[in-house]
Structure formats: structure tokens, C-alpha cells
Amino acid sequence: MTEDARRQWQADIIRALGDGTLPKLYEQMVLSQRTRRFDLFRTPCRQPPVVQIQHTLLGIELKVGRRRLGCPDLATARYLAVFARLGVTSVAVPYDISQLPRVADAFETAWQRMCLVIEQHLQAVPVRARRRARQQFLEEVRQAVEALGAGAVRPTFVQTTRQRPPAGRLES
């Protein structure tokens with residue numbers, strides 16, 4: 001597969017996905033609100049790891065390769081699984097846990113849709129070249145997500161409300 005052909009089908013895939021690409025969703029749905037950083041890997045992955053969500057007696061765990069990461073709920077595990085499949089080292093997680101199920105649904109849907117669109121655009125390509133082209137596309141998506149950043153380890157809390165009136169002034 002030539003470089004021009006690869007760029008052409010990547011542009012076709014991005015055009016087919018529209019605003020449903022993972023980096024755009026990450027920027028719009030996650031980075032626009034208060035987040036905390038979650039480290040999935042210590043070093044960048046050479047190959048995409050095997051990712052499983054496991055229900056254990058101690059709760060829900062995300063198994064990434066040989067590593068097990070404890071997750072507070074299923075929505076967090078589903079959200080992190082998408083980024084673990086990409087091989088992203090650190091990711092921002094919404095601080096508001098009530099937002100996580102909606103965000104996890106959107107990201108899982110985007111992941112499945114992206115995989116289907118890639119397969120549709122590469123049907124005529126031989127299997128070996130298809131696998132290499134898919135890995136190159138996922139690597140570019142991973143780099144785009146990592147370029148957006150994972151935010152701070154702990155969110156900042158800005159308190160702009162005052163509980164008492166300023167000293168020297170009495171309200172009537």
C-alpha cells in the first residue's frame with residue numbers, strides 16, 4: 001500500500017466518522033469538564049494489549065495484559081477499556097461519576113463504529129496489509145488522544161461562593 005493510498009483511505013475514514021472520532025469526543029465530552037488523570041501504562045505499548053472487564057468478589061477490575069486495575073464501577077471500566085485498547089498511557093476521567101455512563105456509552109459506540117468503518121474501507125486490501133493499515137490508523141488516533149493530554153492528577157476546586165458577607169458591611 002502506497003503512502004498516498006494510505007492517506008486517502010484515512011481521510012475517507014475520518015470523513016465517514018465525522019464528529020464521532022475518539023479524539024473529538026475526548027476533547028468535547030471529557031476535557032471540557034473537571035477531570036482527574038488515570039495512568040493505564042507506565043510506558044507506551046508496542047502492541048495493543050488484551051483488555052477484559054472482570055467481575056470479581058472485590059468489585060470490578062479491568063485486566064490489561066497481565067495487569068489488573070481496580071475500578072469503582074462498570075462505567076469507569078468500560079470507559080478505560082476503550083483507551084486501553086488504543087494503548088494510551090494516561091487518560092482523563094470525568095470527575096463527576098454521574099456523567100460516566102453516558103460518556104462510556106459514547107466512547108464504546110465510537111470505538112465499534114470506527115472499527116467497522118475501517119473494515120469497510122479496507123475490504124479490497126489483502127489481510128496482511130489491512131492489519132498493518134489498521135494498526136497505523138489506531139496509532140495515529142492514540143497519538144491524537146495523547147496530544148490532547150490527560151489533565152492534572154487531582155482536579156482543582158475553585159470556590160467562588162462566599163458564605164458570609166464581607167466584614168464591615170451589614171446586610172439589612
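The legends below describe close-up views of a predicted model.

**View 1. Helix 3 and the residue that follows it.** After helix 3 comes Gly87, which has a positive phi near 90°.

View 2. Three strands form an open sheet in the order 2-3-4, and their pairing is antiparallel. Strand 2 (51-56) and strand 4 (67-71) are the edge strands, each pairing on one side only. On average, and with direction ignored, neighbouring strands of this sheet are turned by 30° against each other. Helix 3 packs on the sheet, where it touches strand 2, strand 3 and strand 4, and its direction makes about 160° with that of strand 2.

**View 3. The pairing of strand 3 with strand 4.** Strand 3 (residues 59-64) and strand 4 run antiparallel and are joined by 5 bridges. Within this pairing, Val64 stands opposite Arg67 of strand 4.

**View 4. Strand 5 and its pairing with strand 1.** Strand 5 (residues 90-94) is mostly covered, 5 of its 5 residues being buried. Both of its faces are covered, with Ser90, Ala92 and Pro94 buried on one side and Val91 and Val93 buried on the other. Strand 1 (residues 35-39) runs antiparallel to strand 5 and is joined to it by 5 bridges; Arg36 has Val93 of strand 5 as its bridge partner.

Technical notes: Residues numbered from 1 in each chain as written. Predicted model: local features only at pLDDT ≥ 70, side-chain atom pairs only at ≥ 80, totals over all residues. Heavy atoms only, no water. Helix = DSSP H or I, 4+ residues; strand = E, 2+ residues; numbered from the N terminus. Buried < 20%, exposed > 50% of the residue type's maximum accessible area, 1.4 Å probe, protein only. Pairing = 2+ DSSP bridges. Axes fitted to C-alpha atoms, helices over the stretch in contact; angles between N-to-C directions. Contact = heavy atoms within 4.5 Å.
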